[in-house]
Amino acid sequence: MRWALVKVSLAVTTMVVLAFAVPLGLVIKEMARDRAFSNAEREAAAVAPALSITTDRAQLERVVASAGSEEEMAVHIPAADGTEAVDIGRQRAAGDDIATVRRLGRASTTNVPGGSTLLQPVAISSGEIAVVEVYVPESEVSNGVSTAWAVLAAVGVALIVGSVAVADRLGVRMVQPAQRLVEGAHELGEGKLGARVPEEGPNELRLAAAAFNSMADQVVQLLANERELAADLSHRLRTPLTVLRLNAASLGDGPAAEQTRAAVAQLEREVDTIIRTAREAKPQTAAAGPGAGCDAAEVVRERMAFWSALAEDEGRKVRVAGVDRPVRIPVARADLAAALDALLGNVFRHTAEGTAFAVDVHNGEDAVIVLVSDAGPGIPDPEAAMARGRGSGSAGSTGLGLDIVRRLAESTGGDVRIGSSVLGGTEVRIWIQLDGRAPERRGHRVRRRRSGRLVSTFNRPRSLP
């Protein structure tokens, strides 16, 4: 908008300057010409009284010398009553032009090399017509014209620059409120709920800023209501959890009892985390700082140890790779554990008993990739499965598990993709970006670092132990 106003102002001012400056320059040129010939007429008029009195050459030469010079003025007197013709000064005009002026008795101008001449007829005492010739050089005709045109050009340029500067200032007054509105929208989209826009500028932009601020207030209120609802619903789970904990405590000893009590304790911690997070209501808008996050390899080992017991009961073969060394990622430990539980829970929920699965961790220079694959029937429509709330279409699927995984990856600048695994079923790839940049698209291939170099891993055949 700013540059559009500047361009419009530049075009309009330029047209106005040209419309006035060009005719004015032509008028100045004509005025200079009229001034030069007016001076020539005055010089010719100074000689006319002497011609009406005498035709003596010596006297006329003194008159011509006092009026001008013989280089610029000439007098042509025709012969009459036995007297000879008299020519004083340098003749520049053609003889035919002089004869025509003498015959018509009317002043005339004619072009000659280097300028123009004024031919002025004067009646003398003998009744004949003498012609006074005054030379007007071209330099005198154009005297001052170049200076006047330069002044007009300078004034025109100053007007154009001034109008552009004024239009630019006006454009800034209009553009700045719009830019603040855009910045406020970006900040609100990034989760900065305190973003507001000053209600300044033109009336339309003030109304837009007021509408934006009202919308932001409504968004904050809606989020607050949603958090309170989530906290209330989570709090209602405490009663059945208490019953489960009491029942689990009466199960006695044994691996199954210990696993049940551990699961109930973890469920209580998760409910407490949900309530505490909903009450605090502090949206995260910045990337995790240095030292934040967790060790992905440690979290994978811990969660696989939990799920391995259930896998052994169902006769599932399990393989874990890439967790023999620390793998730091900018993700909270609880978030990564929740994402892994969601994916592994889907494996147990949507595949038959005895179906094998695997978890691989690939540590690259700028990203960490976690692959969860199984040998089940696969997902026929991966895009639909990634849509929040739609799920895979099977009974008991809400689609929220994959949505949790997607939000975890996107919080680091990464993404999630679903494809076919070499085990014959589904493979979910979690790309966790380490530097916050968007992940490089490589189709369905991923890369990991081994001994300081990156090697392809997606299509490599894998076997379970």
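Q: What makes the crossing of α9 and α10 right-handed or left-handed?
A: In this predicted model, the crossing of α9 and α10 is right-handed, a name used because the near helix is turned clockwise from the far one by less than a right angle. Helix α9 covers residues 296–313 and helix α10 covers residues 333–350, and they pack at an angle of about 30° with their axes 10 Å apart.

Q: Which residues of α9 and α10 make the contact?
A: On α9 they include V299, R303, M304 and W307, while on α10 they include L336, L340, L344 and F348; contact means heavy atoms within 4.5 Å.

Q: How do you know what α5 reaches from its first C-alpha to its last, against what is expected?
A: Helix α5, residues 145–189, has 45 residues and reaches 64 Å, which is close to the 66 Å expected at 1.5 Å a residue.

Q: Where does α5 bend, and what follows within four residues?
A: The bend, of about 25°, is at V175, and the proline P177 follows within four residues. After α5 comes G191, whose phi is positive, near 100°.

Q: What does UniProt place at residues 148–167?
A: An unreviewed UniProt entry places the feature "transmembrane region" there, and in the model residues 148–167 are 100% helix and 0% strand, with the end C-alpha atoms 28 Å apart.

Q: How many of the protein's residues reach a pLDDT of 70 or more?
A: The share is 82%, and the mean pLDDT of the protein is 78, although over residues 438–465 the pLDDT is below 50.

Technical notes. Residues are numbered from 1 along each chain as its sequence is written. This is a predicted model: local features need pLDDT of at least 70, side-chain atom pairs count only at pLDDT 80 or more; totals for chains, interfaces and linings use all residues. Side-chain values use heavy atoms; hydrogens and water are left out. Helices (H or I, at least four residues) and strands (E, at least two) are DSSP runs, numbered from the N terminus. The expected span of a helix is 1.5 Å times one less than its number of residues. The bend at a residue is the angle between axes fitted to the seven residues ending there and the seven starting there. UniProt positions are given in the numbering used here, feature names are shortened, and annotations may be inferred rather than shown by experiment. pLDDT is the predictor's confidence in each residue, from 0 to 100. Axes are lines fitted to C-alpha atoms, for helices over the stretch in contact, and angles run from 0 to 180 degrees between N-to-C directions.
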